[in-house]
Amino acid sequence: MAYDLRFVHLGITIQHLQNHITIFGFSIAFYGIIIGIGMLLGITLAARDAARRGIGEDTIYDFALFGIIVGVMGARLYYVIFQWENYRGNLLEILNLRAGGLAIYGGVIGGIVSLAVFCKRKNKNFLMLADSLILGVLVGQILGRWGNFFNAEAFGRYTDSLFAMQIKRAVVNPIMIDAALLQHLVTVNGVEYIQVHPTFLYESLWNLGLLLLLLRHRDKKRFEGEIFFLYLGGYGLGRVWIEGLRTDSLLLPGTGIAVSQALAGLCVLLALCCLFYGRKRAARKAEK
């Protein structure tokens, strides 16, 4: 029997990898459904965290719609900038989100910018809100990566490790299969498979672990913004590692350097500096 996907060493197989459902003749991608669920759960968690800290759920809900729209715009803009050659001849295609092309770091940047504007207009503390909202962002990232799973994308290079994942070549977008993967094609019962790192799974699990750590630490934080900066550093550290495994990374023009890997490294350094400064400042206040 031919399978669309196999975790070859774990004995897990999926015969048909469906990536959408059809309702009244209209196709709805699982990716969009998963992102939508992630947003709703993320907003709920952020609102509850804000309520327990005395900020108020309404502040989160007031920001959410504005922040989500700008975040999606940021994710799309980030992707388009580093794939400009694919869009310069057809600018209307930039608006075609159904064809894919969202970059999470662009979404995070868009969310941070929109939060800064929101806090300025509403006279709110940016870091105080960021500590709650970033928990919701992590929920969205944990679930969102499973949209990549259903789309058979965001995988890594060849591996024969415990988590090695075989995907039927016919269900993968050809532009995502590089020469190195073609050298390691696996044929099972006459069907060709690429065998790769399931980087979507690595990132989802990394983010889940990070979320649990932040939830455990939130009552022990020493200054406003500590949870936010721990996220920047923790998520960045994971992306530095995971992005190095991927074959479909957006690259800095004229280089072989992955944009997200470079940005993740900068986030780690920024987070370490801010955490050091914040804790040192908190310690000085405690001594007075």
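These are legends for a set of close-up views of a predicted model.

**View 1. Arginine 218 reaches aspartate 49 through a salt bridge.** We start with one of the 13 salt bridges that turn up in a search of the whole structure. The N to O distance between the two side chains is 2.6 Å. Arginine 218 comes from the loop between helix H6 (199–217) and H7, while aspartate 49 belongs to helix H1 (residues 30–52), so the view joins distant parts of the chain, 169 residues apart.

**View 2. Aspartate 219 and arginine 52 make a salt bridge of their own.** Here the N to O distance is 2.8 Å. Aspartate 219 is in the loop between H6 and H7 and arginine 52 is in helix H1, so this pair ties together parts that lie 167 residues apart in sequence. Look for aspartate 219 out in the open: it is exposed, with 59% relative accessible area. Arginine 52 is partly exposed, at 42%.

**View 3. Glutamate 224 pairs with arginine 53.** This salt bridge spans 2.8 Å, N to O. Glutamate 224 sits in the loop between H6 and H7, and arginine 53 in the loop between H1 and helix H2 (57–81); they are 171 residues apart, and the pair links distant parts of the chain. Both ends are partly exposed: glutamate 224 has a relative accessible area of 31%, and arginine 53 has 25%.

**View 4. Salt bridges link up into a network.** Asp49, Arg52, Arg53 and Asp131 join Arg218, Asp219, Lys221 and Glu224 in a network of salt bridges.

**View 5. Positive charge gathers on the surface at Lys280, Arg281, Arg284 and Lys285.** These residues form a patch of positive charge. Lysine 285, one of its members, is placed in helix H8 (residues 259–287). With a relative accessible area of 55%, lysine 285 is exposed.

**View 6. Cysteine 273 and cysteine 274 without a disulfide.** What would a disulfide be? It is a covalent bond between the sulfur atoms of two cysteines. The count for this model is zero disulfides. For cysteine 273, the nearest cysteine sulfur is that of cysteine 274, 6.8 Å away, and cysteine 274 likewise has the sulfur of cysteine 273 as its nearest, at 6.8 Å. Cysteine 273 is exposed, with a relative accessible area of 52%.

**View 7. Phenylalanine 24 and asparagine 189 have positive phi values.** Phi is near 50° at phenylalanine 24, a positive value in a residue other than glycine. Phenylalanine 24 is in the loop between strand S3 (20–23) and strand S4 (26–29), and it is exposed, with 86% relative accessible area. Asparagine 189 also has phi near 50°. Its loop runs between strand S6 (186–188) and strand S7 (191–196), and asparagine 189 is exposed, at 63%.

**View 8. Phenylalanine 228 is buried in helix H7.** The helix covers residues 226–243, and phenylalanine 228 has a relative accessible area of 6%. How far apart are phenylalanine 228 and phenylalanine 24 in space? They are 43 Å apart, C-alpha to C-alpha, and 204 residues apart in sequence.

Note on methods. Residues are numbered from 1 along each chain as its sequence is written. This is a predicted model: local features need pLDDT of at least 70, side-chain atom pairs count only at pLDDT 80 or more; totals for chains, interfaces and linings use all residues. Side-chain values use heavy atoms; hydrogens and water are left out. Patches are made of residues with over 30% relative accessible area and no salt bridge: like charges are joined within 9 Å, nonpolar side chains (Val, Leu, Ile, Met, Phe, Trp, Tyr) within 5 Å. Accessible areas come from the Shrake-Rupley method with a 1.4 Å probe; for residues, only the protein chains shown count as cover. A salt bridge is a side-chain nitrogen of Lys or Arg within 4 Å of a carboxyl oxygen of Asp or Glu. Lys and Arg count as positive and Asp and Glu as negative; His and the chain ends are not counted. The place of a charge is taken as NZ of Lys, CZ of Arg, CG of Asp or CD of Glu. Helices (H or I, at least four residues) and strands (E, at least two) are DSSP runs, numbered from the N terminus. Buried means under 20% relative accessible area, exposed over 50%, partly exposed in between (1.4 Å probe, protein chains only). A disulfide is a pair of cysteine sulfur atoms within 2.5 Å.
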